[in-house]
Amino acid sequence: MKRKGALTVVGLGYRAAAQVTPEVLSAIGQSDKLYHLVYDPLTTAWIRAVHPNSTSLADSWKPGASVAECCDAMVRQIMASVRAGTDVCVAFSGHPTICVYPTRESLRLAKREGFKTRIFPGLSAIDCLFADIGVDPGLGCQIWETKTLLVRKPKLNPKTNIVLLQLQMIGRTADDGAETNREGLEMLRSFLMRVYPRHHRAAIYEAATFPVAGPVIQWIPLGHLPRAVINALSTLLIPGI
Amino acid sequence: MTVVGTGYRIASQITPESLARIKAADKFFYLVADVVTETWLAGLNPSAENLTDSYAPGKSRTDTYNEIVDRILAPVRTGLHVCVAFYGHPGVFAHSTHEAIRRARKEGVPARMLPGISAQDCLFADLGFDPSDGCQIFEATGFLVQKPKTDPSCALILYQAGAIGVSTFETSALWNRSALQVLSEVLSKKYPPKHRITLYTAPHFPVCDPIILRISIARLPKADVTIATTLFIPPSKEPRWDDRMARRLGMS
Amino acid sequence: MAKRLTDFLIKLSTDSHSLEQFETDPAGTMDAAGLSATERKAVLSRNPNALRKELGQPHVSHMTDEKKKTAKKKKKTAKKKAAKKK
């Protein structure tokens with residue numbers, strides 16, 4: 001028999017309210033408690049309008065704490081509510097299993113402890129990038145979180161498209177609010193220079209989050225990467241050679 | 001012109017921004033994989049026109065794609081606001097949508113693609129897989145023909161394994177079983193034959209669960225594969241780990 | 001937080017008719033929404049960073065909960081309004 005209490009994990013896409021699918025909207029509506037981790041004030045305002053009992057998980061970002069510690073704090077907060085018998089929904093910007101450790105761990109724990117779990121996909125930054133830049137991943141595509149790429153040093157195939165996520169987080173502890181990250185981008189550049197020529201052009205992409213503003217796409221030669229202006233939404237697309 | 005995606009599950013994965021474009025269009029085209037979605041879409045806009053009849057058994061898919069692009073662009077040229085809906089994500093494994101947008105823009109018509117929930121998004125969710133850990137994505141035919149370099153310490157996703165080497169359109173559930181033997185042999189060179197892979201089919205209907213089968217590479221030629229099946233091949237080797245870099249990045 | 005701008009942008013996000021109206025008559029729709037001069041400038045720039053600045057988020061990061069703070073502010077403004085009525 002399933003225990004009282006349930007966990008549903010959903011993705012919201014990037015444009016506040018405009019990319020929320022009907023199944024996600026109904027999952028939010030059915031829940032007693034909504035936790036969220038989103039990137040913009042518009043989405044936060046929208047969440048408060050559609051759910052009477054919502055709490056941001058971003059308060060778990062403690063200055064100086066490691067990303068793992070912050071994520072564990074989020075998991076503890078989510079699981080405490082589920083164990084208390086609450087029907088919990090957790091909503092993230094984008095897609096709920098891409099670059100989001102807390103969802104995976106919470107779902108694993110909830111399943112193991114016999115709670116009902118559900119997950120509904122959302123539009124990811126990768127989906128928005130494919131649409132806005134006109135890339136078809138069917139022709140070959142590799143996806144990496146940038147930090148993981150630098151540590152694992154895989155054999156990159158430069159003939160395919162490569163999408164690098166979380167550019168800003170290279171060498172960061174937690175979300176410390178700083179804008180660009182020159183030192184991290186310098187490390188990335190030196191790794192990529194083993195495979196690509198300096199002048200190979202890549203796009204720094206930021207999905208559109210507002211109804212009146214389009215996506216931000218900057219094309220730069222890879223050699224100039226450390227000079228690029230990036231933020232927490234920046235993704236790098238390196239087209240195949 | 002706007003190209004939108006309807007998502008994978010019938011009616012429940014469309015985004016409000018895409019739905020709004022469908023309803024507001026002067027001329028609406030759609031190309032989806034099932035009758036229920038067709039019925040639902042046809043009811044959203046009186047000008048709805050199904051593109052499915054551009055496909056015919058034995059007809060080359062390149063001819064079909066070109067015909068679809070021409071059909072979409074005809075009303076665009078007369079100044080109408082055209083919306084085209086494809087199932088899943090309209091830019092993933094869809095040559096004609098990217099081509100229609102390129103040509104419309106070339107002719108000076110503003111064209112935009114809005115993303116949709118793809119089979120890949122459903123796979124990430126249902127298998128609980130985070131692609132940011134590293135993942136390589138290929139269309140199965142391209143994987144066999146172009147022989148791209150891949151890294152077995154990183155997950156591999158192969159699409160359209162049921163349609164390998166078939167350039168026409170067929171009505172059967174699996175278009176080419178013999179190619180699965182070839183695929184199995186090629187994969188066996190990179191992975192141990194007993195390596196477990198996942199055959200994933202995203203759910204179309206609200207009452208259905210995804211179909212998730214775990215088999216060994218050696219069993220692939222006999223497995224229950226359809227054109228809607230995606231192969232997920234987990235890493236067979238431990239990934240490298242650069243300790244010095246991990247320390248520099250604060251990851252250890 | 002900039003309540004009028006937030007409401008305006010959410011309306012454009014959720015109601016396609018409003019977005020169409022905005023595209024044909026930006027000045028009119030912004031007037032109707034009561035946006036300030038700087039808010040109007042940010043909307044017309046169509047620059048996400050300019051919009052974020054107006055919304056009180058100078059850089060992109062995960063949004064923390066400001067409920068307690070806003071709740072306190074609301075109480076204060078409510079009192080002020082009450083005082084004015086008298």
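Two residues are in contact if their C-beta atoms, placed from the backbone, lie within 7 Å. The structure shown is a predicted model. In chain B, residues 24 or more positions apart account for 65% of the contacts with a separation of 6 or more.

The C-alpha trace of chain B spans about 60 × 50 × 40 Å along its principal axes. A compact globule of 252 residues would have a radius of gyration near 18 Å, and the 20 Å of chain B agrees with this. Of the 252 residues in chain B, 44% are buried.

To the contact between them, domain 1 of chain A gives 17 residues and domain 2 of chain A gives 16 residues. The side of domain 1 that touches domain 2 in chain A consists of eleven nonpolar, three polar and three charged residues.

Chain A also meets chain B: 52 residues of chain A are in contact with 55 residues of chain B. On the chain A side, the elements that give two or more residues are helix H1 (22–30), helix H4 (101–112), strand E5 (116–120), helix H5 (125–134), strand E6 (141–145) and helix H6 (146–152). By class, this side of chain A has 25 nonpolar, 16 polar and eleven charged residues. Strand E6 of chain A pairs with strand E6 (residues 135–139) of chain B in the antiparallel sense, over three bridges. Within this pairing, A:Ile143 stands opposite B:Cys135.

The last element to consider lies in chain C. Helix H1 (residues 3–14) of chain C has twelve residues, and the distance from its first C-alpha to its last is 16 Å, close to the 16 Å expected at 1.5 Å a residue. Which residues of helix H1 of chain C are buried? They are C:Leu5, C:Thr6, C:Phe8, C:Leu9, C:Ile10, C:Leu12 and C:Ser13. An α-helix has 3.6 residues a turn, so residues three or four places apart point the same way. The cover over the buried residues of helix H1 of chain C includes helix H2 (41–50) of chain A. Chain C itself contributes helix H2 (16–24), helix H3 (26–33), helix H4 (37–45) and helix H5 (48–54) to that cover.

Terms used: Residues numbered from 1 in each chain as written. Chains lettered and ligands numbered in written order. Predicted model: local features only at pLDDT ≥ 70, side-chain atom pairs only at ≥ 80, totals over all residues. Helix = DSSP H or I, 4+ residues; strand = E, 2+ residues; numbered from the N terminus. Nonpolar A, V, L, I, M, F, W, Y, C, P; charged D, E, K, R; others polar. Pairing = 2+ DSSP bridges. Rg over C-alpha atoms; globule rule 2.2 N^0.38 Å. Buried ≥ 20, exposed ≤ 12 C-beta atoms within 10 Å, placed from the backbone. Expected span 1.5 Å × (residues − 1).
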